[in-house]
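Here are a few exercises to work through with the model open beside you. Try each task before reading its solution.

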Amino acid sequence: MSKGLRARQASGGDMEKERETLQAWKERVGQELDRVVAFWMEHSHDQEHGGFFTCLGREGRVYDDLKYVWLQGRQVWMYCRLYRTFQRFHHSQLLNAAKAGGEFLLRYARLAPPGKKCAFVLTRDGRPVKVQRTIFSECFYTMAMNELWRATGEVRYQTEAVEMMDQIVHWVREDASGLGRPQLQGAPTAEPMAVPMMLLNLVEQLGEADEELAGKYTELGDWCAQRILQHVQRDGQAVLENVSEDGKELSGCLGRQQNPGHALEAGWFLLRHCIRKGDPELRAHVVDKFLLLPFRSGWDPDHGGLFYFQDADDFCPTQLEWAMKLWWPHSEAMIAFLMGYSESGDPVLLRLFYQVAEYTFRQFRDPEYGEWFGYLSREGKVALSIKGGPFKGCFHVPRCLAMCEEMLGALLSRPAPTPTPVPTPARRGAE
C-alpha cells in the first residue's frame with residue numbers, strides 16, 4: 001500500500017472518529033438539557049402568584065420566596081426560546097409557565113408605570129424590595145418580552161420590548177440620570193464591559209429575523225462592538241473588565257480587574273456580530289483576544305477550571321471568591337469555543353471545548369438531584385449546595401446546553417469533508 005493511500009485512510013478514520021465524538025457530545029448535552037429543564041419545571045413555578053422561585057436548595061426546595069426581576073426575565077426568555085426552537089419543548093406547559101412569568105413582570109416589575117425603571121427584587125406577591133442603579137433588570141425584561149412576542153404572536157409584548165429598549169439606549173448613550181446614580185466628584189468615569197455587552201446582546205435579540213429592527217439597531221450594534229473591543233488593553237495582552245469612557249486603562253484594582261468568563265462571553269457575543277457583518281478579519285481578532293487570551297490566563301493549571309477574578313499585575317484580587325470556580329464562566333466558555341470552531345474550523349478551539357466541557361460536566365452537574373451546582377472551591381469541591389439564588393436561575397446552564405446542542409447538530413449535518421488526495425511521488429526513471 002502506498003504512503004499516500006495510507007495517509008488518506010488514516011485521515012478518513014480520524015474524521016469518522018471526530019464525528020462520533022461530536023455525536024456523543026450532542027447526545028450527552030441533550031440529555032442534560034432535558035434534566036435541567038425538568039428540575040426548573042418541577043420546583044420553580046409559583047402557581048399562586050405567577051413567576052418563578054429561584055432560591056432553590058439542592059433537592060429543589062424553596063428556601064426564600066423573594067423574586068429577582070432579572071432572573072424572572074431570564075426564565076421567561078429561556079422557556080420561550082426552548083418552546084420556539086426545540087420540537088420536544090414545544091408544549092403548552094412550558095409556554096403557559098412563560099406567559100405566567102411574563103404577566104407577573106408586566107404587573108409588578110416596573111416601579112412607577114408608565115416609568116420604565118424596574119425593581120431588582122420583589123416579594124413573592126410582587127411588592128418592590130430593592131432597586132439597582134443599573135440597566136440589567138430592564139435588559140432581561142426586554143429579552144423576556146421579545147421572546148414572548150415571538151412565541152405567542154401577541155403584539156403587546158413586542159411593544160413593551162421595543163419601548164424598554166429605547167429607554168435603555170437613552171440611559172446608556174444620552175442621559176443616565178434616570179437610573180438614580182449620583183455623580184460623585186471622586187468617582188472615575190468607568191465603563192464596565194457588561195454594559196455594551198448587554199446592549200449588543202439586545203441588538204441581536206430584537207433584530208433576529210426582523211429586518212426593520214435590525215436596520216434600526218445597526219449603528220448601535222457597531223457602537224457596542226467597538227466599546228467592547230476597547231477593553232483589550234496593554235498592547236493586546238489583557239482584557240480588562242473596566243476602562244475609562246475614552247478607552248484607557250484605569251488605575252488601581254478597578255482598572256486591573258479581569259474576569260475570564262466574562263471575556264469569553266463577550267467573545268461569543270462578538271462572534272455573532274462578526275457573522276452578521278461578514279467580517280472574517282474581526283472574527284480572527286475576537287478568537288485571539290476574547291477566547292484564547294482569557295483562557296490561557298484564566299485556566300487554573302493546578303486544579304482545572306476558570307478562575308473567577310484575576311488581577312492583570314498578579315496582585316491578589318480583592319474579591320473573596322476570586323479563586324472559586326463558578327458555573328456560568330464555564331457555560332460561556334463552552335458556547336464560545338464551540339461557536340469559534342463552528343465558524344473557523346480551527347481544531348484547537350474544538351479541543352478547548354472538549355477540555356472545558358469535560359471539566360464542567362464532571363465537577364458541576366448533580367447526578368442525584370439534577371441541575372448544576374453553582375459554586376465550587378478552587379479544588380473543585382462543592383462550596384454551596386444551592387441550585388439557585390439571587391444570581392443563579394434558569395438561564396446560563398440551559399442556554400449553554402441548548403446552544404451547544406444546536407451547534408453540534410449543525411456540525412453533524414454538514415457533509416463529511418473528502419480527504420485531500422496526497423499524490424504519490426513518481427519513482428525516478430518511471431515513464
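**Exercise 1. Find the residues through which α4 and α5 meet, then classify the contact and the crossing.**

Step 1. On the α4 side, look for E138, C139, Y141, T142, M145, N146, L148, W149 and T152, which meet V155, Y157, Q158, E160, A161, M164, M165, I168 and W171 of α5. Contact means heavy atoms within 4.5 Å, and helices (H or I, at least four residues) and strands (E, at least two) are DSSP runs, numbered from the N terminus.

Step 2. Sort these residues by class: 12 are nonpolar, four polar and two charged. Here Ala, Val, Leu, Ile, Met, Phe, Trp, Tyr, Cys and Pro count as nonpolar, Asp, Glu, Lys and Arg as charged, and the others, Gly among them, as polar.

Step 3. Turn to the axes. Those of α4 (residues 136-152) and α5 (residues 155-173) come within 8 Å and cross at roughly 155°. Axes are lines fitted to C-alpha atoms, for helices over the stretch in contact, with angles running from 0 to 180 degrees between N-to-C directions.

Step 4. α4 and α5 are therefore roughly antiparallel; angles under 35 degrees count as roughly parallel, over 145 as roughly antiparallel, 65 to 115 as roughly perpendicular and the rest as oblique. Their crossing is left-handed, that is, the near helix is turned anticlockwise from the far one by less than a right angle (clockwise would be right-handed).

A note on the source: this is a predicted model, in which local features need pLDDT of at least 70 and side-chain atom pairs count only at pLDDT 80 or more, while totals for chains, interfaces and linings use all residues. Residues are numbered from 1 along each chain as its sequence is written, and side-chain values use heavy atoms, with hydrogens and water left out.

**Exercise 2. Describe how α10 and α11 pack.**

Step 1. Helix α10 (residues 260-277) packs on helix α11 (residues 280-298) at about 165°, the axes being 9 Å apart. That makes α10 roughly antiparallel to α11.

Step 2. α10 passes α11 in a left-handed crossing. Among the residues making the contact are L264, L270 and L271 of α10 and V286, V287 and F290 of α11.

Step 3. By class, this contact has 13 nonpolar, three polar and one charged residues.

**Exercise 3. How many aromatic pairs does the structure hold?**

Step 1. There are 23. Rings of Phe, Tyr and Trp (its six-membered ring) pair if their centres lie within 6.5 Å; planes under 30 degrees apart count as stacked, over 60 as edge-to-face and the rest as tilted.

Step 2. Take Y308 and F309: their ring centres are 4.6 Å apart and the planes lie at 55°, so the pair is tilted. Y308 is buried at 12% relative accessible area, and F309 is buried at 9% (buried means under 20%, exposed over 50%, partly exposed in between, with a 1.4 Å probe and protein chains only).

Step 3. Follow the ring pairs that link Y68, W70, W77, F120, F140, F391 and F395 into a cluster. Y68 sits in strand β3 (residues 67-68) and is buried, at 9% relative accessibility.

**Exercise 4. Is D235 buried or exposed, and is E371 buried or exposed?**

Step 1. D235, in the loop between β7 (232-233) and β8 (238-239), has a positive phi near 55°. At 81% relative accessibility, D235 is exposed.

Step 2. E371, in the loop between α13 (347-363) and β13 (375-376), has a positive phi near 60°. E371 is buried, with a relative accessible area of 0%.
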